[in-house]
Amino acid sequence: MRQPLYLALDQGGQSTRATVFDESGIAVARAAVPVAQTSVGDLRVEQDPEELVASLQRASARALQSLGADSSMQIAAAGLATQRSSMVCWDSRTGKALSPVLSWQDRRAAPLMVAYQDRAFLIEERTGLRLSPHYGAPKMRWCLNNLPAVQAARKGGYLVMGPLASFLAFRCVTPQPLVVDPSNAGRTLLWGRKRQDWDPELLEIFDIPREALPLCVPSHHPFGGVKAGGSLVPLTVLTGDQGAALFCQGRPRTDTIYINMGTGAFLQRLVPHHGVDRGRLLWSVAVRHGQEDISVLEGAVSGAGAALAWGAQTLPYPDLAKLCDRLLARHETRPLFLNTIGGLGSPYWCPEAVARFEGDGTPAAKAAAIVESIVFLIQENIDAICAASGPAQALVVTGGLAASGGLCQALANVSRLIVRRPSEHEATARGLAFLAAGMPRAWSMGGDEHVFWPHDDGALHERHERWRALMPSPHG
């Protein structure tokens, strides 16, 4: 009998990836399809909905093609993970998109925020999030205010608005499910964490029609069949990219902080059953499996890979992300970079702060300061997480930026914690496959991990203290 395989579909900002894992957690096939992202000014970041749909189909077909003609018959289950705060509007009759995909990075709704400030505390208490234009509800409100096609669809009764995950499931799954999981619904500012559903008062605050939203279901759910090669494969898991990444090494540990570093850097730590005071952090559902909610405290750094992309445009280093190790190894005086790229998130919550260098230096020194600022922002979130939930024993780092050994070592040095980097540090696909396989006990860790032990680095700690003094005061 052939062993079952599991298909992980990870739709990200730069590419859509399909990875096939066997029943022990070994990746046996991979494919990636690049996707475009358009930035307009400082606030708008969009993607083409049709391109994302096509990329999912192409990526899964390519991955299965490498396994053989009948490989889709071996796929026992599939999972889909997407960028959580990205949203789109579409026609419920045809599935046609009525808006672009407004990326999680998109902040075009920022001017609307003043209208909701007097309800900010209620929004935070109900959702576990801060009032921010990054999230879905302000983007939905912007679309209702500004897009004639969306306005006409609402009037005609065929409007659907929701997270990107819901749109892709509607377009790529048979029959077309109109649903959303907790991880993605929880990033809209409309989903009540105690209700585990859309909150009527939040819908009223943002004036979002309930009938235009998908049905809330668990992360594990019989969603339907997704096309894989020439067959339909059962899609059994729908969640956010960070929720899936938490399971990159199987069941997460309570004494560990998990950090997924890509365009943004997201820190997660399990919330114990008795709960903790999240303080300056976020509260998120990673997955809901049956009646079990796996929830986390979360820190969010917008300016990770996005800061390196910004530096590549302003400094003579077009491949800045590939030069992190070399830049950090240089021994020269560095300025400090006050990294507010993409909006200053936790624990500061100061979206209006402006990025700048403090001090001067060569282009290489400035580039190194940008890389170092990512480490410093992550450390501020580590401190906040530990203050809320107790000391941590280790950090697990994944994502594209985890490929930089220099960055990982700097993080170990500044945090004084062991940093563990799995050999396969693209965490979302591995965690997604683990969930689709039913969270089995016998699951490969993906090879030997690399361990970075903390070293004494007085100069790094001194720069961190000077940097911290220059940053805005964290908002409680």
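Ile26 counts as partly exposed, because its relative accessibility is 38%, where partly exposed lies between buried, under 20% relative accessible area, and exposed, over 50% (1.4 Å probe, protein chains only). The model is predicted, so local features need pLDDT of at least 70 and side-chain atom pairs count only at pLDDT 80 or more, while totals for chains, interfaces and linings use all residues. Residues are numbered from 1 along each chain as its sequence is written, and side-chain values use heavy atoms, with hydrogens and water left out.

**Surface patch**

- Ile26 is found in the loop between β2 (15-22) and β3, strands being DSSP runs of E with at least two residues, numbered from the N terminus.
- Together with Val28 and Leu67, Ile26 forms a nonpolar patch on the surface with about 200 Å² of accessible area, the area coming from the Shrake-Rupley method with a 1.4 Å probe and only the protein chains shown counting as cover for residues.
- Patches are made of residues with over 30% relative accessible area and no salt bridge, nonpolar side chains (Val, Leu, Ile, Met, Phe, Trp, Tyr) being joined within 5 Å and like charges within 9 Å; a salt bridge is a side-chain nitrogen of Lys or Arg within 4 Å of a carboxyl oxygen of Asp or Glu.

**The open sheet**

- The order β3-β2-β1-β6-β16-β15-β10 describes an open sheet of 7 strands with mixed pairing, two strands being paired if DSSP finds at least two bridges between them.
- Because β3 (27-34) and β10 (173-174) stand at the edges with a single partner strand each, one side of each is left without a neighbour in the sheet.
- β10 runs antiparallel to β15 (residues 220-228), to which 2 bridges join it; Val173 has Val226 as its bridge partner in β15, and Thr174 stands opposite Gly225.
- β15 is in turn joined by 6 bridges to the antiparallel strand β16 (residues 231-240), where Val233 stands opposite Val226.
- The hairpin of β15 and β16 has 2 residues between the strands, and in this hairpin Gly229 takes a positive phi near 65 degrees.

**Cysteines**

- The structure holds 0 disulfides, a disulfide being a pair of cysteine sulfur atoms within 2.5 Å.
- For Cys89 the closest cysteine sulfur is that of Cys143, at 4.0 Å, which is too far for a bond, and Cys89 counts as buried because its relative accessibility is 0%.
- Cys172 also counts as buried, at 10% relative accessibility, and its sulfur is 18 Å from the closest cysteine sulfur, in Cys89, which is too far for a bond.

Methods. Helix = DSSP H or I, 4+ residues; strand = E, 2+ residues; numbered from the N terminus.
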